[in-house]
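Reader: I have a structure open and would like to go through how its parts pack and pair. Can we take it one question at a time?

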Amino acid sequence: MRSRSSSTAVLPEVVLENWQQGGFGLYVHWPFCEAKCPYCDFNSHVVSQIDQARWANALAAEVRRVATEVPGRVLTSIFFGGGTPSLMAPETVAQVIDAARDCWTFSNNIEISLEANPRSVEAARFEGYARAGVNRVSLGVQSLRAPDLKKLGRLHDVNEARAAFGIAREVFDRVSFDLIYARQGQSLRDWEVELREALDMAVDHFSLYQLTLEPGTAFWDRAERGGLRGLPSEDLGADMYDLTQEVCAAAGMSAYEVSNHARPGAESRHNLVYWRYGDWMAVGPGAHGRFTTPSGRQETVAHRMPGAWLAAAERGNGEETRLIAPPDEQAAEYLIMGLRLNEGIDLPRLHRMSNDFATGDQIKGLSEMGLVASDTSRLWATPRGRLVLNSVIEKLVP
């Protein structure tokens, strides 16, 4: 494992309690998929055979290893992401959850989420996941229109997605799903009709993402060659975002984060750990962890390629790099993550990390433009500000 340090300064005691202010979670990355979606830039790899027992042992061993660094904590969430975690055997999921339970105290309302594709073969595993301890699933529906599912490279059809959603509702108390909008050839009216259909399905949470072209994806390469036509203009994308906020709010599913909507109390607890800048341990290929110790804020990155990670984990440590984040870097991350939330950020907490961020003059200037609002203790982006959030953040950093 390579290790590097940007700072060796011990942080103020109050900052050491990140996990108490933002929560404490465990992220488990499962890197395998049956097919690579053309818009996906996640660390995912197409395989036909998986040694489930070997992977279960390695993931559980990594959980036990990272737990030695932060003993005695209360775990508020576990999230199985990917890749396609619904390709995991229920026994693999159970072994990882059992390892976490052996290492930490579970909170009374711990959230254990698993991302799943809405295919019938994967929905058949739902009861097994529930027995293993999973109590929330997030389905990658992505579209309720058959032609668009094909364009997005999805392997399921609309009927299969609706059937899987119905099974999930019977098995789990909490069910979320994802949709992608601003797709090729999609009009504002098209999206409104589809969004209202999605709201009729929704239980208490769903995630709505604008299609973005990420470097290294098939869509990016196609666009570079001029072969990806019919994407909405920037103005139409903004109109779709505004429409999304209005329709969802009227239905009682307001956005609590830029792309995530929920009924009050149904927010994703694990994702709130990220956005509130809590602590999370991370295991699995390419997983990024952030947790605070008396030595400082640890940033860990695991080996990205599945084979390299598995071999390293079996040798005793799946990490590839680790560094200690300096206070300025922590302040930047907290600002970037926290302003995605409607609730915004805790200004005194930010300024304990660094006084150079979000100064009074910076806040005043953005407030006069109607992009942020604040009081003595909090700073948040306005609806107008969330439309240009990257620009807002740039003006709040030194």
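Reader: At roughly what angle do the axes of helix α3 and helix α13 cross?
Author: This is a predicted model, and its values are computed from it. Helix α3 covers residues 52–67 and helix α13 covers residues 306–315. Their axes come within 9 Å and cross at roughly 60°.

Reader: Is α3 parallel or oblique to α13?
Author: An angle under 35 degrees would count as roughly parallel, and 65 to 115 as roughly perpendicular. The crossing is at roughly 60°. That is why α3 is called oblique to α13.

Reader: How many residues of the contact of α3 with α13 are nonpolar?
Author: On the α3 side the contact is made by Arg54, Trp55, Ala58, Leu59 and Glu62. On the α13 side it is made by Pro306, Trp309, Leu310, Ala313 and Glu314. Of these residues, 3 are charged, none is polar, and the nonpolar ones number 7.

Reader: Is α9 oblique or roughly parallel to α11?
Author: Helix α9 (residues 188–201) packs with helix α11 (residues 234–250) at an angle of about 30°, their axes being 10 Å apart. Angles under 35 degrees fall in one class. Therefore α9 is described, relative to α11, as roughly parallel.

Reader: Which residues of α11 make the contact with α9?
Author: From α9 come Leu188, Trp191, Glu192, Leu195, Arg196 and Leu199. The contact as a whole has 9 nonpolar, 1 polar and 3 charged residues. The α11 side consists of Leu236, Asp239, Met240, Leu243, Thr244, Val247 and Cys248.

Reader: How many residues apart in sequence are the parts tied together by glutamate 34 and arginine 119?
Author: The closest N and O atoms of glutamate 34 and arginine 119 are 2.3 Å apart, and the pair forms a salt bridge. Glutamate 34 lies in the loop between β2 (32–33) and β3 (45–46), whereas arginine 119 lies in the loop between β5 (105–116) and α5 (120–123). The pair therefore ties together parts whose separation in sequence is 85 residues.

Reader: How many salt bridges does the count come to?
Author: A pair counts if a side-chain nitrogen of Lys or Arg is within 4 Å of a carboxyl oxygen of Asp or Glu. The number of salt bridges by this rule is 21.

Reader: Which residue in β17 stands opposite valine 372?
Author: The open sheet of 3 strands has the order β15-β17-β16, with antiparallel pairing. Its edge strands are β15 (345–346) and β16 (372–374), each pairing on one side only. Strand β16 is joined to β17 (residues 378–381) by 3 bridges. Opposite valine 372 stands alanine 381.

Note on methods: Residues numbered from 1 in each chain as written. Predicted model: local features only at pLDDT ≥ 70, side-chain atom pairs only at ≥ 80, totals over all residues. Heavy atoms only, no water. Pairing = 2+ DSSP bridges. Helix = DSSP H or I, 4+ residues; strand = E, 2+ residues; numbered from the N terminus. Axes fitted to C-alpha atoms, helices over the stretch in contact; angles between N-to-C directions. Parallel < 35°, antiparallel > 145°, perpendicular 65-115°, else oblique. Contact = heavy atoms within 4.5 Å. Nonpolar A, V, L, I, M, F, W, Y, C, P; charged D, E, K, R; others polar.
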